[in-house]
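Hello,

I am passing a structure on to you today, with some notes on what turned up in it.

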Amino acid sequence: SSGINAEYGDSYLYTINTFQKTVQCCGYSTPEDWKDDGFLEAPPASCCPKSSPSCGYGESFQMGCHDAINDYVDSHTRYIGFGVLAIAILQLAGVIFATYLRSLILKTLQPRASFEKQKEEPCTM
């Protein structure tokens, strides 16, 4: 037995079906990709528009999920870039703040350490 279900199990197939319904795509490149997984007559119901609970390969979503993901990333590249840039700026601000706190703590502890050192040294005259 071959195919997605035999190789990965029901939970993987559930994830693929949910993704196909949400993104409105079918198969990796085309709906016919499902024929390799035993769906000879029709693709899974997740490939069909909401108006029809089951459909044939001609009525299913025609865009493959790989192309759908690429289109989504291409159309949202600016937002993805801004998000990455914002995270980088926040991390840089965190490093700067941590460095400032470290120097502040060291300045606070240094006079105390030198006072303790003076207390231990005998006074010479």
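A word on terms before the notes: two residues are in contact if they have heavy atoms within 4.5 Å of each other. On that basis, 48% of the contacts in the protein with a separation of 6 or more are between residues 24 or more positions apart.

Please keep in mind that this is a predicted model. The average pLDDT of the protein is 85, and 80% of the residues score at least 70. Helix 3 (residues 65-75) has the highest confidence, with a mean of 93, while helix 1 (residues 4-8) has the lowest, with a mean of 58. Where pLDDT is low, the predicted coordinates should not be read in detail.

As for the overall make-up, the protein has four helices and zero strands, so in order from the N terminus the elements read α-α-α-α. Of its 125 residues, 20% count as buried. The exposed surface comes to about 9,900 Å², with 61% of it supplied by carbon and sulfur atoms.

Now to the cysteines. How many disulfides does the structure hold? There are three, and with the bonded cysteines numbered in sequence order the pairing is 1-6, 2-3, 4-5.

- Cys25 is joined to Cys65, with an S to S distance of 2.0 Å. The torsion about the S-S bond is about 85°, which makes the disulfide of Cys25 and Cys65 right-handed. Both Cys25 and Cys65 are buried.
- Cys26 is bonded to Cys47, with the sulfur atoms 2.1 Å apart. Cys26 and Cys47 each lie in the loop between helix 2 and helix 3, 21 residues apart, and the pair links distant parts of the chain. With a torsion of about 85°, the disulfide of Cys26 and Cys47 is right-handed. Cys26 and Cys47 are buried.
- Cys48 is joined to Cys55, with an S to S distance of 2.2 Å. The torsion here is about -95°, so the disulfide of Cys48 and Cys55 is left-handed. Cys48 is buried at 6% relative accessible area, and Cys55 counts as buried at 11%.

Phe19 lies in helix 2 (residues 10-23) and touches Gln24, Cys25, Cys65 and Ile69, leaving aside residues up to four places away in sequence. Two of those names, Cys25 and Cys65, are the partners of a disulfide described above. Is Phe19 buried, partly exposed or exposed? Phe19 counts as partly exposed, because its relative accessibility is 33%.

Last, the rings. A search of the whole structure finds one aromatic pair. Trp34 and Phe39 form this pair, which is edge-to-face, at 5.1 Å centre to centre and 85° between the planes. Trp34 is buried, with a relative accessible area of 3%, whereas Phe39 counts as partly exposed at 27% relative accessibility. There is also a charge over a ring: the charged end of Lys35 sits over Tyr57, 4.9 Å from the ring centre.

Best wishes

Note on methods: Residues are numbered from 1 along each chain as its sequence is written. This is a predicted model: local features need pLDDT of at least 70, side-chain atom pairs count only at pLDDT 80 or more; totals for chains, interfaces and linings use all residues. Side-chain values use heavy atoms; hydrogens and water are left out. Helices (H or I, at least four residues) and strands (E, at least two) are DSSP runs, numbered from the N terminus. Buried means under 20% relative accessible area, exposed over 50%, partly exposed in between (1.4 Å probe, protein chains only). Accessible areas come from the Shrake-Rupley method with a 1.4 Å probe; for residues, only the protein chains shown count as cover. pLDDT is the predictor's confidence in each residue, from 0 to 100. Rings of Phe, Tyr and Trp (its six-membered ring) pair if their centres lie within 6.5 Å; planes under 30 degrees apart count as stacked, over 60 as edge-to-face and the rest as tilted. A charge sits over a ring if NZ of Lys or CZ of Arg is within 6 Å of the ring centre and within 35 degrees of the ring normal. A disulfide is a pair of cysteine sulfur atoms within 2.5 Å.
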